[in-house]
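Biologist: Can you take me through this model? I'd like to start with the overall make-up and then go into the details.

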Amino acid sequence: MNNDASPNKDEQKFVDRSIGGFFKRHWKPIVVILSIIVVFVIGYLIVAGTGAPSFTKNANLTYGAVAGNFAQPLDALSWYFNVVLIDNFLGVPAILLGVLSFVGYLVLKRGFVDSFIGAIKTAIGVLLLNIGSTFLSGVVSPIFTGIKSVFGLQVVSLDPYIGWSSGLTFLQSFSNNNYVSWVSYALLIGFAFNLVMVGLRRWTNCHAVMTTGHIMFQQSAVVVPFVYLLFFSTAPLLNGGSDASASATAATVVFSGIFLGTYWSVGTTSTIKPTNIITENANFAIGHQQVLGISLAYRLGKFFSFTKKGQEIVSAENRKMSKRFRIFEDNIFVQSLLILILFLILAIILQAAGQPGNKFTDVVAGASTYWAVSALGTFWVVQIFMGALLVVASILALSAGVRMFVTELQQAFQGISEKVIPGSVVAVDIAAVYGFSPNAVTYGFLSGVIGQFIAVGITLGLSQIPGSPNVVVVPLFITLFFNSGAIGVYANVKGGWKAAIVLPAIFGFIEIIIISFALGQVQNAFTNAMNNGAVIASAISPINTGYNGMVDWNLFFGFPLIFAAMSPIAAYIILPIEVVALLVMVQFVDTNMPNHQPTKFSQKMMQHFKKNKAISVNQ
């Protein structure tokens, strides 16, 4: 009986390995792929069979009309490829990301129905993001423009969502072309690069995969416009002043992707060890806006404990906190309060110093689409209050859209990373550690507010000096809470409650000073690009209303930005050097993971360092 059973098992194994067995096991994804091909073929047949009208892409490029009845099959193919697939498929973020989500779910074998629903939710989320972004820019821009026209100052809000909106506005402002898709392409290249870096962790020492999709989009929306602007600020590489050249597009997207992928790989890996200490070995990394900042705060914390030798360091969690400070944990309240104060100050300035046509009431009247009397009232005090609430509502709408499509993409990203690189560490939102150290969050948030707003006052005074940067940055709630609060948590690990107070204030003060100068340089680069014809007259500055504003993007990206923005040659040198510096830095990061071994590069560097040290001692 056993002898009879064995051939059957062998035969079954043979069948499973055959072509028929392969199709039997994978018939669902095969059917889906064939269905997609059929859909594209049908689309072409419709264009070739029924014809198509002429399509003007921009002032310099028009696709001619296509005759029907398959009279012009090659022209129909060109029209279908360029107009339908490129401009109306890959060029529309809602469709592009929806398809990405769909494919990701299919890879995870979630089934056609679940994959299709995920794609629809992703597309709707992107559209909701656009609605919130449009309203946010429409409400904030008139006031900031009014301040700029009266005092020659540019007010820039430090907020990841407003910065995201500002970056997208820059990419949309060139011509009828929609370059917003660059952000998605750079993100995909960056994510793929992150997977490769982790896959080669034996040599790269990178162990964490970035999966926080909304953060990835925010950062891509900062890097892509800046890279394009800095690389091509003096070279008129826009064909006829309305369309980006292929070389500029490729260079911007590819370098941005490599820059992002390097930052995600290195930054997330540097958080593994301190995060495991805070969470008692929960085994995840942080994938947010301040990964390098919190890693530095963790290492510097012990120097700011201000504790006598031998005396125990007291954690912030072992100290009682007044309940009065708990109100600052309500993000909607704090956002509304901060924006209301900001609007009130700007409105009073405009009312007092503005000339007729530039007063607050004139400014908002000229933006009636977003400051409609029926919605926000007519008395300027009421308008300020309602305008502040409308900004918060826009941010909530924007973030709701983000959550909607990121939830789908994040599952796809995480699933793909787990299938491609088993054993890698997933990097998650910074909020994941806040529950482990709530007091340190509040300490860091409050001290960070003080440090940053002292610096804002100083930069405001410096802006009145001739020749100084005329950009004044104003940090908003998300920047303060998820930036300074996070620094407080990681400073608390080795430095206790004193470090959780002092370090966020120091970080906050320094980063505001640096990013004010950096954004001033970026604005100068934009002005030069406008004057040299590299950007058309309708282009809007990438910092018109906001900038990311988190510590990594203020310090580790902001400081090199001061010099990189001086000329394209400086940008060609400095930005790649920053990538190389990150790759070298991660070689010396101790993740404290099981079976962790130093890379060969770090071992050689340490041996070289010890050898030189021994020689100097002997001398």
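Biologist: How many helices and strands does the chain have?
Modeller: The secondary structure comes to 24 helices and ten strands. This is a predicted model, and 50% of the 619 residues count as buried.

Biologist: What is the mean pLDDT?
Modeller: The mean pLDDT of the chain is 78, with 75% of the residues at 70 or more. Over residues 11–15 the pLDDT is below 50, and that stretch has one contact in the model beyond near neighbours in sequence.

Biologist: And what share of the contacts joins residues 24 or more positions apart?
Modeller: Counting contacts with a separation of 6 or more, 79% are between residues 24 or more positions apart.

Biologist: On to the rings. How many aromatic pairs are there?
Modeller: The count comes to 14 aromatic pairs. One of them is Phe259 with Phe557: the ring centres are 5.7 Å apart and the planes are at 70°, which is over the 60 degrees needed for edge-to-face, so the pair has that label.

Biologist: Where do Phe259 and Phe557 lie?
Modeller: Phe259 lies in helix H11 (residues 246–269), while Phe557 is in the loop between helix H21 (551–556) and helix H22 (558–564), so the pair ties together parts that are 298 residues apart in sequence. Phe259 and Phe557 are buried.

Biologist: What about Tyr263 and Trp553?
Modeller: Tyr263 and Trp553 form an edge-to-face pair as well, at 5.1 Å centre to centre and 65° between the planes. Tyr263 belongs to H11 and Trp553 to H21, so here the parts tied together are 290 residues apart in sequence. Both Tyr263 and Trp553 are buried.

Biologist: Which residues do ring pairs link into a cluster?
Modeller: The cluster consists of Phe226, Phe231, Phe255, Phe259, Tyr263, Tyr547, Trp553, Phe557 and Tyr572.

Biologist: Tyr547 sits in which strand?
Modeller: Tyr547 is in E10, where it stands opposite Leu158. Strand E3 (residues 154–158) pairs with E10 in the parallel sense over two bridges.

Biologist: What is the strand order in that sheet?
Modeller: The order is E9-E3-E10, an open sheet of three strands with parallel pairing. Strand E9 (471–475) and strand E10 (546–547) are the edge strands, each pairing on one side only.

Biologist: Which residues line the largest cavity?
Modeller: The lining is Phe259, Tyr263, Leu292, Asp552, Trp553, Phe556, Phe557, Glu578 and Leu582. Phe259, Tyr263, Trp553 and Phe557 are also members of the ring cluster.

Biologist: Which helix gives the most to that lining?
Modeller: H21 does, with three residues. At least two residues each come from H11, H21 and helix H23 (568–585).

Biologist: Last topic, the backbone. What is phi of Phe70?
Modeller: Phi of Phe70 is near 60°, a positive value in a residue other than glycine. Most residues other than glycine have a negative phi. Phe70 is in the loop between strand E2 (61–63) and helix H4 (73–90), and its relative accessible area is 48%, so Phe70 counts as partly exposed.

Biologist: And Glu280: buried or exposed?
Modeller: Glu280 is exposed, with a relative accessible area of 69%. Although not a glycine, Glu280 has a positive phi of about 60°. Its place is in the loop between helix H12 (272–279) and strand E7 (285–286).

Conventions
Residues are numbered from 1 along each chain as its sequence is written. This is a predicted model: local features need pLDDT of at least 70, side-chain atom pairs count only at pLDDT 80 or more; totals for chains, interfaces and linings use all residues. Side-chain values use heavy atoms; hydrogens and water are left out. pLDDT is the predictor's confidence in each residue, from 0 to 100. Contact means heavy atoms within 4.5 Å. Rings of Phe, Tyr and Trp (its six-membered ring) pair if their centres lie within 6.5 Å; planes under 30 degrees apart count as stacked, over 60 as edge-to-face and the rest as tilted. Helices (H or I, at least four residues) and strands (E, at least two) are DSSP runs, numbered from the N terminus. Buried means under 20% relative accessible area, exposed over 50%, partly exposed in between (1.4 Å probe, protein chains only). Two strands pair if DSSP finds at least two bridges between them. On a 1 Å grid over the protein atoms alone, a cavity is a set of points where a 1.4 Å probe fits but cannot get out, and a pocket is an open set with protein on both sides within 12 Å along at least five of seven lines; lining residues have an atom within 4 Å of a point.
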